[in-house]
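Visitor: I would like a close look at one part of this protein, the aromatic rings and what surrounds them. Please take me through it with care.

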Amino acid sequence: MEFFNDVGQDPLKPSLFELVAQEQLRDLLQPALKYVLAVFAQRYPRYLIRIVNRHEEFYAFIMLFVERHYLRKHNASFSENFYGLKRRRKAWIDTERTIAAVGGIPPGEKLRSREIWRSLFFLVGVPYLRVKARDYYERLGGGVDSDILEDGGDRRQIQALTEEVSTIAGRVRRAYKTLYPWFNTSFEVWLLAHNVAYLFDRSPFYRPWLAWIGVDLRRLSADDFVSRLANLGQSISPEKKRGIMASIRRLIFSSPQLLLDSLRLLLPTAIFFIKFLEWWYSPGSPARSLSTSPLGPAVPPPQMLPPHPSGLSVDGTKYGYCPLCNGPINNATALPSGYVFCYRCAHEHVEKQGKCPVTLLPARVWQLRKVLV
């Protein structure tokens with residue numbers, strides 16, 4: 001369907017599918033980085049747990065420098081540069097002349113500081129604000145299954161935040177919880193409308209804010225690649241009569257730029273590797289069949305801890321019944337000892353006693369785990 005964007009005889013106009021692909025790549029960077037940090041935080045919680053807890057701020061801070069570097073050096077964001085796209089200042093000349101002047105990045109099309117900072121606001125600032133708005137909506141109980149919060153402390157906290165209608169803050173929270181889904185849906189429909197308009201050549205911008213920034217997106221031309229290779233050759237050409245100190249100084253100043261440029265290959269490779277690991281260890285992965293290969297039998301699950309003589313007795317013949325209330329398990333929740341109870345029963349007992357009712361091992365409320373059946 002790429003012919004939709006080639007009807008206007010403009011070979012450098014990117015198709016909608018290229019633009020959507022580069023946005024999907026940008027959306028994958030944050031969860032991939034969060035996954036890596038969470039894995040390392042389990043081994044080094046003293047140094048990384050605070051970063052994981054404030055991941056949105058940390059990611060926005062890192063991407064601010066990365067996107068600024070790519071906008072200044074390549075006239076494109078990180079994901080746009082990866083897909084061979086560039087940003088140029090909105091042309092003020094006729095279409096025929098614009099198509100003819102495709103060589104490299106003319107000085108009149110290079111992004112200025114104003115376009116760079118406006119682009120950074122929509123590349124980094126707007127996604128950060130949307131994530132924080134969604135998190136606050138979920139803190140107020142929006143989109144959370146009430147079965148998960150059944151009679152728990154989280155439910156009481158959410159009710160305390162949203163039911164204080166007597167105060168101005170409480171009314172604002174209730175209004176926010178009501179209006180957020182409508183605003184979020186309207187925003188997505190707005191973007192979809194611009195995508196459809198761009199697909200059928202009714203708008204030169206696939207995002208509405210590109211007109212305010214004053215830029216449009218183009219494919220890299222052959223002259224762009226030639227110019228990039230020429231600049232690369234000049235940067236790596238040996239310099240005559242260069243001393244050791246000059247070489248060290250040049251290496252120190254060029255290292256940050258080399259690191260940022262290498263992200264073009266490192267980050268997509270890391271995303272692919274992380275997605276491969278998620279697939280490899282997923283329960284429905286075909287790789288699970290390899291566990292029965294000649295490499296050896298599957299490792300058996302660990303045995304459940306035996307009950308304490310002074311603890312609650314458990315009838316092994318009653319499956320699906322809570323040992324505390326002797327009724328069917330509602331919202332199954334496991335303790336660190338491995339025994340499963342109703343969430344309400346387990347929460348109240350651990351909150352008061354601080355131990356497992358069967359094994360008498362120490363337990364805390366934050367160690368409760370919901371069992372998915």
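Guide: What follows is a walk through the aromatic pairs, with one ring pair taken in detail. The model is predicted, and in it the count comes to 12 aromatic pairs. One of these joins Phe122 and Trp209, whose ring centres are 5.0 Å apart and whose planes meet at 10°, so the pair is stacked, given that planes under 30 degrees apart count as such. Phe122 belongs to helix H6 (residues 113–139) while Trp209 belongs to helix H9 (residues 209–213), so this pair ties together parts that lie 87 residues apart in sequence. Phe122 is buried, its relative accessible area being 17%, and Trp209 likewise counts as buried, at 15% relative accessibility, because the limit for that word is under 20%.

Turning to another arginine, Arg72 lies in helix H3 (residues 55–74) and is partly exposed, with a relative accessible area of 48%. Leaving aside residues up to four places away in sequence, Arg72 touches Lys110 and Ile116, and its C-alpha atom is separated by 8.4 Å from that of Arg112, which is 40 residues away along the chain.

How values were computed. Residues numbered from 1 in each chain as written. Predicted model: local features only at pLDDT ≥ 70, side-chain atom pairs only at ≥ 80, totals over all residues. Heavy atoms only, no water. Phe/Tyr/Trp six-rings, centres within 6.5 Å; stacked < 30°, edge-to-face > 60°. Helix = DSSP H or I, 4+ residues; strand = E, 2+ residues; numbered from the N terminus. Buried < 20%, exposed > 50% of the residue type's maximum accessible area, 1.4 Å probe, protein only. Contact = heavy atoms within 4.5 Å.
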